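Please look over the model below before reading on. My notes follow it.

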Protein chains: 2
Amino acid sequence: MHLEQYARFAPYLGGLGLLAALAMYVYLKRQPVGTPRMREISGLIEQGAMAFLRREYMVLTPVLLAVAVALSLTRGPGIAVAFVFGGVCSVLAGFIGMKSATKCNVRTTEAARTHGLARALEIAFDGGAVMGLAVASLGLLGLGVVLNAMLDLGAAAGITPVQFTNFAETMAGFAMGASSIALFARVGGGIYTKAADVGADLVGKIEAGIPEDDPRNPAVVADNVGDNVGDVAGMGADIYESYVDAAVAAIAIAATSVTIPTAARVNAISLPLGLAAAGLVASTISIFAMRLFKSGSPATALRAVQILGAILFLGIAWWLVGTLPMSLNDGITANGPFYAIAAGSVAGVAIGLVTEYFTSDKPVREIAEASATGPATNIIAGLAVGMRSTAGPVLVICAAVWVAHQVSGLYGIGLAAVGMLGTVGITMTVDAYGPIADNAGGISEMSHLGPEVRTITDRLDSLGNTTAAIGKGFAIGSAVLTALALFSAYSSAVEAISGSKLLLDLTDHMVVIGLFIGGTTPFLVAAMTMTAVGRAAQGVVVEVRRQFREIAGLMEGTAAGDSARCIDIATRSALREMVLPGLLAVSMPVLIGGVLGVKALGGLLAGTTLSGALLALFMANAGGAWDNAKKYIEAGAHGGKGSDMHKAAVVGDTVGDPFKDTSGPAISILIKVTCVVALVFAPWFARLGR
Amino acid sequence: MHLEQYARFAPYLGGLGLLAALAMYVYLKRQPVGTPRMREISGLIEQGAMAFLRREYMVLTPVLLAVAVALSLTRGPGIAVAFVFGGVCSVLAGFIGMKSATKCNVRTTEAARTHGLARALEIAFDGGAVMGLAVASLGLLGLGVVLNAMLDLGAAAGITPVQFTNFAETMAGFAMGASSIALFARVGGGIYTKAADVGADLVGKIEAGIPEDDPRNPAVVADNVGDNVGDVAGMGADIYESYVDAAVAAIAIAATSVTIPTAARVNAISLPLGLAAAGLVASTISIFAMRLFKSGSPATALRAVQILGAILFLGIAWWLVGTLPMSLNDGITANGPFYAIAAGSVAGVAIGLVTEYFTSDKPVREIAEASATGPATNIIAGLAVGMRSTAGPVLVICAAVWVAHQVSGLYGIGLAAVGMLGTVGITMTVDAYGPIADNAGGISEMSHLGPEVRTITDRLDSLGNTTAAIGKGFAIGSAVLTALALFSAYSSAVEAISGSKLLLDLTDHMVVIGLFIGGTTPFLVAAMTMTAVGRAAQGVVVEVRRQFREIAGLMEGTAAGDSARCIDIATRSALREMVLPGLLAVSMPVLIGGVLGVKALGGLLAGTTLSGALLALFMANAGGAWDNAKKYIEAGAHGGKGSDMHKAAVVGDTVGDPFKDTSGPAISILIKVTCVVALVFAPWFARLGR
C-alpha cells in the first residue's frame, strides 16, 4: 500500500478516535455524582469554567477573524481558511477536555467515597483520556483534512515546486490557527488560575487564617475553576499546538527541502500523518490497557501505560518506515527516518526524567534546607535549582537533533519532533489526570467528606503534582524541538521561493541583531505575565475582603459567599491581561520580518527559541521545585506545617506559582507561535525581496 | 604623521599615565588619616584586602603558568608570553586600584570629619582616579608593547597574510591573560564580598539585632574588605579586560578581515591604539577638571566630568580619523570609523541611562509597593523589573552594531566597542569612587564619629550606589559589544586561515547545537556562583556565632572580636568556590571547538553571548532595583525601617545581593572569556581541520 493512502485515511481514523472519546465521555457522565452538596459545588466549578471559556472565545473570535482577513489579503484565501480551521480545532480540543474534566472531578470524589483508591484513579484517568483522545484525534482529523485538500488540488494541477511551497504555507496556516488560540488560552488561563489561587491564599490562609479549600472562602471555587481553565484547557491547547506544529514542520520540510527528490516528496509528506495515526492507535490501546494495571500503585500504573504506548508507537513506526517506497538521497540512510523518530521519542522520556529529578529529589531537599535561614535563602536556592535544571534538557535536545540530522538530515529533525509527540494521546491523558485529581480533593474538602476520602484524593493529587511537573518539562522540551523543526522548515521554505540557499550566517550583523531582539522577547513576556498575575490577584483580594466584611455570617459558615462574583472578576482581569503579551508574540515576527528582512527574522527565531527554552525551563522547574520543597516540609520535615521554615518555603512556593503556571508555559508557546507565524509569512517576505 | 607612529608612541604614553597615577597616589597617601581608632580599622581592612589579593594570586599563579605551558605547546611561545604579560598587567591594575582604595577610604572619612562634603568627595574621587588612570595606562602600555613587538617582527619578516593572523592570535593571547585573571578575580571577589556581607547581616542584623557596620560584629571588617576585593579589584579587572578585549578585537579584525586592503592594514591595526591614547588624554584632563565642579552637587560633578571626558575623546577621535591615510574599500565610508566610534560611545551613555531608570525610578517604587503583600510579591516584582530591563540595553547595542556596520563593516563593530570603552579612565574613576565612599561610611560608624560625619559619608555613599548600578550596566553592555566584536574577529581569523568564508549558518545543525550548549553555560555559572555565596556565607555565620558565644564582653563592647579569622574564613571559601565556575568558563570553548569543531564553537560564542547578556542584565538590574527599593523604604516610605514592608524589602535585597555582585558580573566576564579563548584557539582548530 502506498504511503499516501495512509494519509488519505487519516481523517477517518481521527473521526473514529473522536467517537471513542465521545463514548468514554458518555460512560463517565453516567457515573454517580454523590451528595447534593457535591453536586452543587461541582456545578459551580463547571459553570465558572464554561463561563470563562465562553467569554474567552468571545474575545478571541474577532481577533481570529481579523487575522483571517489580513491573511486572506496578504497570503491568499486558502491559508486564511486553514488558519480558521486550525483555530476551531484548538478551541474544540480545549472545550472537550474541560467538559470532561469538570464532569469527572466530582465523580472521582464520589468513587473515592464509595469505592476507594483504584476506582477513583480509574475515573480520573478516564476523564483525562477523553482529553487525550480528543487532542490526538482532532490533530489527525485537522491535519488530514488540510493535507488531503492540498493533495487533491495538487493532483488536479499537476504538482509543481511552487505547489509544494503552497503546501507548506497552507499547512503552516492551519498550525498558526492552532497556535494563536493556544497562546491566548495558555496566557489567559495561566493568569486566571494563579490570580484566583494567589488571591484565595492571600486573604484566606494569611489574613483570615482559614485552611486551603475552606468553603467559607468565596475565592476557593474560582481557584478550582482555575485548575480547569489553566491546567486542562490551557495545557491541552498547548500540547495540541506542539503536536500540530511538529507534524506541520515535518510536512513543510518534506514539501520544500531540496535534499528530498521530487519523486519521494508525496511519501515524505505523508509519513508524519501516518505516524500521527500510529500514535493514536498506540495511545488508544494503552488507555484501555490501564485497566490491567489499576490494582497496583497509581504511580506505577501511570508509568506503565506511558511506556506501553511508546513501545507500541515505535513498533508501528518501524513497520511504517519499512514499507516506505521512498528513495531519498544520501542525506537519509536506510531506516534513518525510524531512528530520527526514536531519537525524539527517547528524548521526550529523558526530559521527563530530568524534570522529575529537579522537582523531586535532592534539589528539592536542598531548597527545603535553605529555608532554615529564611525566605531569601529559600528563593536563592530555588532560583539556582531552576538555572541548573536547564542544562540537562538542552543537552538531550541537542543529542536528539544530532542523531536525527545524522540519519535523515533536516527532515529528520522534523521527524524527531513528531516522534516526541507521537504518543500525545496517552501523554495528554496523564497530564489531564492531575487537575482532575486536584479538583476532586477540593470538592471533598468543600463537601466536608472527612479525612478518609481526603486521604485518597490527596494521594491521587500528590501523584498528579509529579505528572504535572513532568508534563511541563515535556511541553517545553517538545516546544523547543518543534521550534527547531519549524526553523528548519522556515529556511527550507525561504530557499524554495528565492531559489538560492538562505544563509542565516551568525557573522552577518542583521542575523545577530535579529538574534538579540528575539532573545529579549521571552524576558518581556515573562515580565508581563508575572506582573499580570499580581494585578489580577489584587482584584480578587479586594473582592474577598469585601465579602468577609459585608456578608454577615460568612466567617461563621452560616451564610454563603458570592463565588460567582470572584469568578467573574478573575475572568475579566485574566482576559484583559492576556491581550498585550499575546499581541506582542504574534506581531513580533511580522514586524521584524517586514522591517529588517528574512535574515533578521531567522535570527529572531533562533534567539527566541534559545532564550525562551532556557527561561521556560528555568521558570517551570524552579516553580515545581519550590512547590515540592514546601510539600516536603508540610509532610513533616524540618518542623512541618506552621514552622518558620515552612513559612519561608511558602514564600518560595508563591513566587513559583506564576513561574510554573503562567510565565513558563506562556514562553513555551511563545517559541512555537513565533516560528509558526514566521513560517506563514516567510514566503511572502521572500517574494517581497525582504 | 603616519598613524603607525601613534601606536609606536603608545607604550610611552601609557608609562606617563602610570606616573600620573603614582603621583596622585603619593599625594593622597600624605593626607591625614584621623584618630587612632580610624587608623586601626582602616589598617584591618587594608590588611584583609591585601591578604586576599596575595592568596588569590598564589592560587592563580600555578593556573596561569600551567595554561601558559599548554599555550606554548599548542599555540607557540609568543602567544604564551603575551598571555602571561596580559595576566600580569591585569594583576597590577587590580593591585594598584585596591592599594589606593584602601588608603583613601579612611582619608575620605577624615576629610568629611574635618573639612566637609566637598573635600571628602575630592579625596574619594581621586582615590578612584588612581585606579582609573592605572587601568587606562596599563591597557595602553600592554597593548602597545605587544603591538610594537609584532610590528617589528612583521617588518623584519616582511608582513604576509599569515603574519597578520599571528598578529591577531598574539594580541588575543594577551587579552586571554587579562581575561583569565579578571574572571577569577571577579568570581572570587564577588563570592567573598557577598559571603561576608550576607554572613555579617544574618547573624548581626537578624539574630543579634545590632545595626549595620556595628563594630561589635566581627564580620563587619570582612564586609568592608569585600567592598574592596569585589567592587574595586574585581570591577577593575573586569573593565580592564573589556578595554583590552575591545582593542584586541578591533586589531584582530583589522589584521585578518578580507574587506580591508593590505595597504591599509597597518593603519587599521594602529587606529585602536591611537584611540586608547586619545581616551587616556581625555580622561586625565577630565579627572583634573573635577576640581572645577566640586563645589556643586556631587551627582552633577560626577556627571559633568564624564560628559567632558566623552566630548574630549570624541573630539580627538574625529581628528585622528581625519588624518587617516587609509584607503579602505567600499565597506567603509568617509569618516565612517568616526561614526562607528561615536555609536559605541553614545550607546555606552544610553545603557547607563536605561540602567539608572530601572534601578532608581518608577520600577523601584513598584517593587517597594509590592512589598505590601509580603516578601513573595516583592520578589516577583523585582524579578519582573529585572526581566523588563533587558530589552533597552539590548536594543541600544543592536542599534550601535547596525550603525557601526553600516559605516565601517565588521571593523566598525570593533571600533564601536573601542569607542564605548575609550574613556575608561574616567568611567573607572567614577566606578571605584563608590566602594571608597561606602568604606568611608563603614569606618565612620565603626569609629563612633557621630551622625554629622555619617550624614556626609551617607550622602557620598548613596551617590556611589547609583554610580555602581550604572557602572554594572555599562560593564555588561560593554562586555556584550566587545563579545560581538570578538565574535567578528573570530570568524575573520578562521576565514584567514582556511582561506574560505566561515559560514556560521543557523540552519546548520552543528551551529544550532553549539548555540544551545553555549546558551546554558551562563545559567550554570549563575547557579554555581549563587550557591557558592550561600555556602561561603554559612562559614562566616558559624564563626560569628561562635565568637558571640565564646568571647566574653563582645556584645557589651568591652572585648574585641577576632575579625582576622572571619576574613580568613571568607577568603578561603571564596578562593575554593571560584575554581569550578572559572575552569568551566575557560575550558568550554576549547572542549566544544576540539570535539564539535569551529562551527559549533561559533554557535557556542553566539549562544553564550546572547543568554549571558540577558541573564547578566536581568540579574544586575533586579539586584540594583531591590537594593534601592529597600533604601527607598528606609528613607521613610511605606512605614520606613522596621515595618513589615521593610522586612519584605530586606528579603528582596538579600536575594539581589548575589544577583548583582556575584552572578551578574561573573556572567559578564564569562561572555568575554569564552570569546577570547575561542579567538586564541580558532586558528589552531581551523588548521587541525575541525
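Predicted model: local features only at pLDDT ≥ 70, side-chain atom pairs only at ≥ 80, totals over all residues.

1. Extent of the contact. Chain A gives 65 residues to the contact, and chain B gives 65 residues. Together the two chains bury about 5,500 Å². Carbon and sulfur atoms account for 86% of that area.

2. Polar links. Six residue pairs, both partners at pLDDT 80 or more, are in polar contact between chain A and chain B. Salt bridges across this interface number zero by the rule used.

3. Which helices of chain A take part. The side of chain A that touches chain B draws at least two residues from each of helix 11 (375–388), helix 12 (391–421), helix 14 (451–498), helix 15 (509–550), helix 17 (598–634) and helix 18 (644–688). Helix 15 of chain A supplies the largest share, 16 residues.

4. Make-up of that side. On chain A, the residues that touch chain B divide into 46 nonpolar, 16 polar and three charged.

5. A backbone angle to check in chain A. Most residues other than glycine have a negative phi. His448(A) has a positive phi, near 55 degrees. His448(A) lies in the loop between helix 13 (424–446) and helix 14 of chain A. Is His448(A) buried or exposed? His448(A) is exposed, at 60% relative accessible area.

6. The angle in chain B. Phi of His448(B) is also positive, near 55 degrees. The loop between helix 13 (424–446) and helix 14 (451–498) of chain B holds His448(B). With a relative accessible area of 60%, His448(B) is exposed.

Technical notes. Residues numbered from 1 in each chain as written. Chains lettered and ligands numbered in written order. Heavy atoms only, no water. Contact = heavy atoms within 4.5 Å. Buried area = accessible area lost by both parts, 1.4 Å probe. Salt bridge = Lys/Arg side-chain N within 4 Å of Asp/Glu carboxyl O. Polar contact = N/O pair within 3.5 Å; in protein donor to acceptor, adjacent residues only side chain to side chain. Helix = DSSP H or I, 4+ residues; strand = E, 2+ residues; numbered from the N terminus. Nonpolar A, V, L, I, M, F, W, Y, C, P; charged D, E, K, R; others polar. Buried < 20%, exposed > 50% of the residue type's maximum accessible area, 1.4 Å probe, protein only.
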